[in-house]
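Hi there,

Here is the structure I promised to pass on. Have a look at it first, and then read on for what turned up.

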Amino acid sequence: MKESIAEIKDEINKKLLYWKNLKSKKAKLFLIIIALGLIGLKVFTTVLTFDWLTSLFNTV
């Protein structure tokens, strides 16, 4: 368990170091837009899934 937590912390530190080393504002903006798009896509698909499930149980 401690090894996995240490591995996760190491991965987060690597990502933060990568973010700090990016000098281009365009690259940072691109990464932010991609991250927001992925989060939005996940929320959108989750809402559609639950909407489909509720309509399935309402018709019975």
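Predicted model: local features only at pLDDT ≥ 70, side-chain atom pairs only at ≥ 80, totals over all residues.

The secondary structure is quickly told: the chain has two helices and zero strands. Its C-alpha trace spans about 55 × 40 × 5 Å along the principal axes. The radius of gyration is 19 Å, whereas a compact globule of 60 residues would have one near 10 Å.

Next, helix H2, which runs over residues 25-58. Its 34 residues should span 50 Å at 1.5 Å a residue, and because the C-alpha atoms at its ends are 49 Å apart, the two values agree.

Now to the surface. The chain exposes about 6,000 Å² of accessible surface, and 72% of that belongs to carbon and sulfur atoms. A nonpolar patch sits there, with about 1,200 Å² of accessible area together; among its members are Tyr 18, Trp 19, Phe 30, Leu 36 and Val 47. Helix H1 (2-21) and helix H2 (25-58) are the elements that each give two or more residues to this patch. Which of them gives the most? That is H2, with 10 residues. Val 43, also part of the patch, lies in helix H2.

Happy browsing, and do write back with any questions!

Best wishes

Key:
Residues numbered from 1 in each chain as written. Heavy atoms only, no water. Patch = residues over 30% accessible without salt bridge, like charges linked within 9 Å, V, L, I, M, F, W, Y side chains within 5 Å. Areas by Shrake-Rupley, 256 points an atom, 1.4 Å probe, with all protein chains shown as cover. Salt bridge = Lys/Arg side-chain N within 4 Å of Asp/Glu carboxyl O. Helix = DSSP H or I, 4+ residues; strand = E, 2+ residues; numbered from the N terminus. Expected span 1.5 Å × (residues − 1). Rg over C-alpha atoms; globule rule 2.2 N^0.38 Å.
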